[in-house]
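Welcome! Please take a moment to look over the sequence and the model below, and then read the briefing alongside them.

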Amino acid sequence: MGALLTDRLAYVASIESIDATAAALARIPNEKTLILGEYGPISPLAVLDRVRKSFDGAVLLEIIAKNKNRDLIKSAILTSAACGFDGVLLASGVFTAGGGTAKPVYDLDPAQMLKLALDLRKHGAVPESFVIAVRSASGNGPAELRARWYIGEGADYIALEKGSIPGLEPKTLLVEPVTQA
Amino acid sequence: MIVTRKKDPETVKEYASGADKIIIVGCSECAAVCRTGGSEQVREMADVFADRKVLATISIESPCDKRVSARDFKRIEEELSGAEALIALTCGSGAQAIAEVTGKRVVAALDTDFVGMVERLGRFFERCSHCGDCILNETALLCPVTLCPKGVRNGPCEGMRGSRCEVYEDRDCVWHTIYSRLEERGELDGFTAYHGPVDWTECHSPKEAVWERS
């Protein structure tokens, strides 16, 4: 099981330029956890080394199902661990991202991604300390029931953009977007 | 029912370029209901090709059924033998069946959209994605693979805003509706029943259903 020292996630949704992203991240306090998202043209895998030079906190990779089938999702989880990410944040991904003209994939949903990631960790394909978190909605019955299911299945955390889910506060991370120049 | 849309008539004429002797083929089932391939649309298409020789017009009950197409084309055998192109006001399956049955050049005059539920004329809704792995009995008879733009089989996703869908902001998230229905029935325990990924070894195109002879 993975654990983080903070419930605040500094979120970079897209990387347009390695230099600009590195400059923005240099301003983030080390006690926060950083999430690098996949919405931009540059893969977060490409900036991890630069980030590590100026940031000592945990860094998670956000893996979205929108553009990947299960084979690539598995590859992304394994590659992120091999490259030195401290964990992953699993999400379905914004449907209209990228202009919306590409065929969306959505081969797996977040629940299925979670099962896949947990299985990889259980079998030692990623470290025991590798954090597995899942994005969730909040504020209504179905979202809360699903979030409880994520935690019950073994997710280390759920990540919310706002609000909270009663009883899951110790397992909740709050996503705070980072502004880039 | 298979829901279709008309292609631009000028585009259809371009696809039929070089063919002077034409037969217009309609569908008196799905395309007729959609008003894309009924007898009225067949007449309209004949007008579009008024500058060429329209040898015949024909409405076939189910052009996608090769047996029916073969039977009906026998009624216009002579015209068919002289035709240089058939304009198919049918779904894609119908157009291909006509091509296989006649061996003629066929121009597809419609775009095939989806298999739809008919509420009334002019109101067609997609309810099934024919994924081959039906979970309707566990989701209060609402198909999340079709009614969720992301096809999330274990929802809702993180994009839900209140009860609304992330993609269609004027619609409820189907998982919110599934939750409500299950709650009404006292079956909320089933909401988080896990649905595994679709096994695509069984679900990819082209699909076939061929009965074994007994």
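Which residue in S6(B) is the bridge partner of Val3(B)? The partner of Val3(B) in that strand is Phe114(B). This is a predicted model, in which local features need pLDDT of at least 70 and side-chain atom pairs count only at pLDDT 80 or more, while totals for chains, interfaces and linings use all residues. Residues are numbered from 1 along each chain as its sequence is written, chains are lettered from A and ligands numbered from 1 in the order in which they are written, and side-chain values use heavy atoms, leaving out hydrogens and water.

**The sheet of chain B**

- In chain B, 3 strands make an open, antiparallel sheet in the order S1-S6-S7; strands here are DSSP runs (E, at least two residues), helices are runs of H or I with at least four residues, and both are numbered from the N terminus.
- Strand S1 (2-6) and strand S7 (123-126) of chain B are the edge strands, each pairing on one side only.
- From one strand to the next, the twist averages 65°, with axes fitted to C-alpha atoms (for helices over the stretch in contact) and angles from 0 to 180 degrees between N-to-C directions.
- S1(B) and S6(B) run antiparallel and are joined by 5 bridges; two strands count as paired if DSSP finds at least two bridges between them.
- Strand S6 (residues 110-120) of chain B also pairs with S7(B), in the antiparallel sense, over 4 bridges.
- Within that pairing, Met117(B) has Phe125(B) as its bridge partner in S7(B), and Gly116(B) has Glu126(B).
- The hairpin of S6(B) and S7(B) has 2 residues between the strands, and Gly122(B) takes a positive phi near 85° there.

**The barrel of chain A**

- Chain A has a closed barrel of 7 strands, S1-S2-S3-S4-S5-S6-S7, with parallel pairing.
- Strand S5 (residues 131-135) and strand S6 (residues 157-160) of chain A pair in the parallel sense over 3 bridges, and Val134(A) has Ile158(A) as its bridge partner in S6(A).
- H4(A) lies across strand S3 (59-64), strand S4 (87-91) and S5 of chain A, running at about 175° to S5(A).
- H5(A) packs on the sheet and touches S5 and S6 of chain A, with its direction at about 150° to that of S6(A).

**Where the chains meet**

- Contact (heavy atoms within 4.5 Å) links 26 residues of chain A with 26 residues of chain B.
- About 2,100 Å² is buried between chain A and chain B, and carbon and sulfur atoms give 60% of this; buried area is the accessible area (1.4 Å probe) that two parts lose on being put together, summed over both.
- Helix H4 (110-122) and helix H5 (141-153) of chain A are the elements giving two or more residues to the side that touches chain B, and H5(A) gives the most, with 7 residues.

**A loop residue in chain B**

- Leu141(B) sits in the loop between S7 and helix H7 (144-147) of chain B.
- Not counting residues up to four places away in sequence, Leu141(B) touches Leu136(B) and Arg181(B).
- The C-alpha atoms of Leu141(B) and Ile178(B) are separated by 8.3 Å, with the two residues 37 residues apart along the chain.
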